[in-house]
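Good morning, colleagues. I shall speak briefly about the packing and the surface of the protein now on the screen.

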Amino acid sequence: MPQSSVIRSVLWVFTCCVFGLTLVLVTLGIGLQHGLPLGVWFVGGCLICLAVAWIGYVILRRMLDPLQSLSDDVRELAATDELTAIQITRDDEFGLLAASFNQMRQKLAQRFDQQQENSERLQTVLGSMVE
């Protein structure tokens, strides 16, 4: 079974964090072995940690932005009567979720139209019975 892009992204962030921590510890160990100032290695380790954290942030933002967009669109749909399509053009799970949501939206629109037609037909029948 192929891994999803979300799982791959989370694994990538985890791997970057483990790699960054390992690199900091190895660098610190080498610095202590060679008698180099601890402050230099500490600053280098902090810079490596910041770089790894930044890479993780960028990956997570790329992964979560479409989810935020989908969430906003769903909230907008719930707040209004207008059924507009969601514009997410991706080939991963978020794209599939948006396509499924758009299909659901289309079916709801068809059912609303059918309900409106049935209501008008019933109004006509009841109106003709009263006369």
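**Core and surface**

Six residues form the largest nonpolar core: Leu70, Leu77, Ile86, Ile88, Ala98 and Phe101. Helix 2 (38–79) and helix 3 (93–130) each supply at least two residues of this core. By such a core I mean a set of buried Ala, Val, Leu, Ile, Met, Phe, Trp, Tyr and Cys residues joined through side-chain atoms within 4.5 Å. Buried denotes under 20% relative accessible area, exposed over 50%, and partly exposed in between, with a 1.4 Å probe and protein chains only.

This is a predicted model: local features need pLDDT of at least 70, side-chain atom pairs count only at pLDDT 80 or more, and totals for chains, interfaces and linings use all residues. Residues are numbered from 1 along each chain as its sequence is written, and side-chain values use heavy atoms, with hydrogens and water left out.

As for the fold, the protein has three helices and zero strands, in the order α-α-α along the sequence. Helices (H or I, at least four residues) and strands (E, at least two) are DSSP runs, numbered from the N terminus. Of the 131 residues in the protein, 20% are buried.

Where does Leu60 lie? Leu60 is in helix 2. Because its relative accessibility is 31%, Leu60 counts as partly exposed.
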